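Me: I would like to learn how to read local and packing features in a model. Please take me through some cases.

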Amino acid sequence: MSTITEGGRSYARRDLLLKIQSEIQNYWDGNKVLRQSQAAKHQRKFSAAYHRLRGSNVLLPFAFHCTGMPIKASADKLAREVKQFGNPPVFPSLEEEEKSNLVPEVTTESKTEPDKFKSKRSKAAAKSSGDKSQWEIMRSFGLPDEEIAKFQDPYHWLTYFPPLAKEDLKAFGLGCDWRRSFITTDMNPFYDSFVRWQMNKLKNMGKIVKDTRYTIYSPLDGQPCADHDRASGEGVLPQEYVLIKMEIIPPFPQKLKVLEGKKVYLAAATLRPETMYGQTNCWVLPDGKYGAFEINEADVFILTERAALNLSYQNLSKIPEKPTCLLELSGYDLIGLPLKSPLAFNEVIYSLPMLTILTDKGTGIVTSVPSDSPDDYRALQDLKSKPDFRKKYKVNDEIRDKSAEKVCNDLKIKSQNDKEKLAEAKRLTYLKGFTDGTMLVGEFKGKKVQEAKPLIKSKLLEAGLAVLYSEPEKKVISRSGMNVLWPSRTSGTLPMWACSRSFGLGTRIPWDEQFLVESLSDSTLYMAYYTIAHILQNGNMYGSDNSSIKPEQMTDEVWDYVFCGGPEPKAEIPTSLLRKMKQEFEYWYPFDLRVSGKDLIQNHLTFCIYNHTALLPKKHWPPGFRCNGHLMLNSEKMSKSTGNFRTLRQAIEEFSSDATRFSLADAGDGMDDANFVFETANAAILRLTKELTWMEEVLAAENSLREGPPSTYADKVFANEINYAVVLSEKHFNAFMFREALKTGFYDLQAARDEYRFSCGAGGMNRDLLFRFMDVQTRLIAPICPHYAEHVWKNLLKKQGFVIKAGWPEAEAPDLTLRIANKYLHDSIVLMRKLLQKQELGPKKGRVFEDTQRQIRRGDGFFSPNEEILEALKQSSIGQDSNFKQIQKLCMPFIKFKKDETKDVGPRALDLKLPFGEMEVLRENTDLIKRQLGLEHVEILDPSDEASRSKAGTHVSLLTQNPPSPGNPVAIFLSNAEFSTN
């Protein structure tokens, strides 16, 4: 083993695993062991490796999804930087930027010190020079400037990165059939044809129609912005409001005179049109910035510029997508305006100031219904009770005004600034009002609020008293760096999805090539393409190699024949190849398992179901999905900015692929975020290499091992633990619980081996049993650490074939009673050791008394609480005993023992006798007890035998004070002199 060091630390063990990794990968490649052809099947990393080990024909493919905005947006950003700052770009330095933001620092005495300056930027902003440039990001990959310039072409990304990713995944030991790998977009003509067929078929089925609907939209990119196109805000959906048109009653104040002749409205966004009967006023933000925007020839809406921009993309602007502002206004300009509002009982209401309005949501204009809204009620009370507040905003003293009043009083809300309490009050009143409320006034009086709400909404819209308005529930940023809106125009696939884009990479819509197929619509049936990719592409992921089939020969009729059971087409493709593709698809489909991240449930995986059910017959629909969480690093979120980040390649180089895989398997199961811990990876390096050393030593000393079948108690226990590991690991692998499989198939199995080594003592270990252990452990760890396992299989155990296809180890049903007996033995030794440590040091003899006669009654079902068990004891004949407290002291520990035992072996633990002979277990292991406790002599005695009791000598009182019971032996330790006397 080499002793290469870095900074005084030896990396010899890690380097050994890297050397094994390289040799085994070459061994696999040379034998084409991962190529799959027709032959039962299974499809993801650990799971695929497990099923391959079991003998299944496993197809684990991997491809590169390049469709969508991200690559094109990055390439365009790079091009803009080159255009603005040169090639290579010379960006303004941070020092120059800081200097332009410096102002003289003023002390508390208002004196200026000319040599002291303070940045106007916040402390957080000062730590960052803003968004990192794309050029700097590329440099951080280690790319030279001359290479970076090539990435202005988005297709260069497709030729540069996928091959690198493929090499990293191969180094990781991904058991992939790389002949079937491909990239998406029109750069791969075969995949391009595959997507065009999908779109044509969906259109012909009436699944794609051209229509308008609300969808998230990026004005900068000029197209809808789907989840994968977003830098932030993934999963955010549209929120539809009803925009109430509150007309300003003439004559207009001087500030608004330029708008005379038009109908001018304060446009208030509400989610609760049914409450408009209770309007008392409307609210504006005094310091807010508003504008009067032209909606059409006659109407003008007063609202925020952000809301006006949203409206302009929803056909509510005189000039589409370009809001026209006739007049800039502040909130102060709007206070006190007389308004005529739909459904309000008061003919005139007024606009009043509210300090808590958010201008990044809604329109900045808010209706006021204090009877239903705690915010409105509290703000109105503030105006009523605070004359100085009214005077400040020039509000008349006369103000008009009950669930909201009640809840505000209940929660003791004193001001409109009690934001947390108001949020809870709003939740309570809105929920109660909607679910249990009844309309008290208006046309729909007597109806449930739930029923009346849509009716009132329709009435307002039909009468032209309101319009619909949508915006994101939360802030959304596209990958091109712009806030996105909710426009009302796009072609949709399925009930509510935009299947086309005008920006990015991908496949052109067959019937309108100015548009691209968006990234979800082109990437959720691709699993079917895997089945024939190797035939079409001849092993080239770009589909550009010489193939016996040409892309133009893959007509819609051919795709229908292969995937949908269509008639055999009249094509230029040889019939034998057509049938081979169809057979490949029919053999592998449906895929058994699709594994993905939990963040893709709402989009990618849902679309996978949609497209499969729309395009393929039911027998080919997906039977299963499994989702996992995100990956943390050392218990923290991965982040490049904090340095808590590793690429796959970096992890492999730092730890080796097997130690990386080991730590990933140990990182966690299920939907919770997994935690990759460096200490675990380093510990894996040590464990794996130490195990190699141990196996080499065992094989070198093979002739000194005990021959013959397993015969001793220790042999039987170890053989049983091997069987138990096989059975339990199989259960965990089948359930995709890889951390548990690692525990039972590696950690626990090694612990059993270590216990066996110690238990054997002078008699030595059994050769056949150790060879079975090495065989089983190698197979069980193979799905997780395949290079290590293959090295052991081939080079140490000298086995034929490949361990990754060796088959699951056979095992007998484990003897659970033997496991319980062994646990009893070791628990007893632990208790004896604690007792011995309390006594004086010196040579000792030990006598163990065990009572096997006491019995416990069997119960039915689950265990009752201890209180009920104790009460039952009191009511029984035992409870009448004058020494009940002593009996209780003995019973309760025994009951706990039986409860624990039942968890392990089931109801038979409650049989009237213990499932194993305690005396026999202890007597068979007296040598182990002696060695574990350092005793010269050990005897196992029956306390019911007077002759045996006499051997306790002066310590016999211990048998009375704490008599032994089943599962709870009493140990008495004697000096040499005491032992000789007794």
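Me: Where is the place of Pro590?

Reply: Pro590 sits in the loop between helix H19 (575-588) and strand S25 (594-597). Helices (H or I, at least four residues) and strands (E, at least two) are DSSP runs, numbered from the N terminus. This is a predicted model, where local features need pLDDT of at least 70, side-chain atom pairs count only at pLDDT 80 or more, and totals for chains, interfaces and linings use all residues. Residues are numbered from 1 along each chain as its sequence is written, and side-chain values use heavy atoms, with hydrogens and water left out.

Me: Which peptide bond is cis, with omega near 0°, at Pro590?

Reply: Start with the general idea. Most residues other than glycine have a negative phi, and most peptide bonds are trans. Here, the bond from Tyr589 to Pro590 is cis, with omega near 0°. Another cis peptide bond links Pro250 and Pro251, with omega about 0°. Pro251 belongs to the loop between S11 and S12.

Me: What is phi of Ser656, and where is Ser656 found?

Reply: Phi of Ser656 is near 90°, a positive value in a residue other than glycine. Ser656 is in the loop between helix H21 (648-655) and H22. Ser656 is also buried, with a relative accessible area of 1%. Buried means under 20% relative accessible area, exposed over 50%, and partly exposed in between (1.4 Å probe, protein chains only). Ser635 is not a glycine either, yet has a positive phi of about 70°. Ser635 lies in the loop between S27 and S28.

Me: In what order do the strands S27, S28 and S29 form a sheet?

Reply: The general idea: strands of a sheet pair through backbone hydrogen bonds, either parallel or antiparallel. Two strands count as paired if DSSP finds at least two bridges between them. Here, three strands form an open sheet in the order S28-S27-S29, with mixed pairing. Strand S28 (636-637) and strand S29 (674-676) stand at the edges, each with a single partner strand, so one side of each has no neighbour in the sheet. Strand S27 (residues 631-633) runs antiparallel to S28, and two bridges join them. Met632 has Lys637 in S28 as its bridge partner.

Me: Is strand S12 largely enclosed or left open by the rest of the structure, and why?

Reply: Seven of the eight residues of S12 (residues 263-270) are buried, so S12 is largely enclosed by the rest of the structure. Now look at its pairing. Strand S11 (residues 238-248) is antiparallel to S12, with six bridges. Strand S15 (residues 299-303) pairs with S12 in the parallel sense over four bridges. Leu266 of S12 is the bridge partner of Met246. Leu266 also has Ile302 in S15 as a bridge partner.

Me: At what angle do H17 and H18 pack?

Reply: Axes are lines fitted to C-alpha atoms, for helices over the stretch in contact, and angles run from 0 to 180 degrees between N-to-C directions. Angles under 35 degrees count as roughly parallel, over 145 as roughly antiparallel, 65 to 115 as roughly perpendicular and the rest as oblique. Helix H17 (residues 526-537) and helix H18 (residues 556-564) pack at about 120°, with axes 11 Å apart. H17 and H18 are therefore oblique to each other. The contact (heavy atoms within 4.5 Å) involves Ala528, Tyr529, Thr531, Ile532 and Leu536 of H17 with Trp559, Val562 and Phe563 of H18.

Me: How do H9 and H18 pack?

Reply: Their angle is about 85°, with axes 10 Å apart. H9 and H18 are therefore roughly perpendicular to each other. Phe190, Ser193, Phe194, Trp197, Asn200 and Lys201 in H9 meet Asp556, Trp559, Asp560, Phe563 and Cys564 in H18.

Me: Where does Gly175 lie, and which residues does Gly175 touch?

Reply: Gly175 lies in the loop between helix H8 (154-172) and helix H9 (189-204). Gly175 is buried, with a relative accessible area of 11%. Leaving out residues up to four places away in sequence, Gly175 touches Leu34, Arg52 and Leu60. Gly175 and Val58 are 117 residues apart in sequence, and 9.3 Å apart in space, C-alpha to C-alpha.
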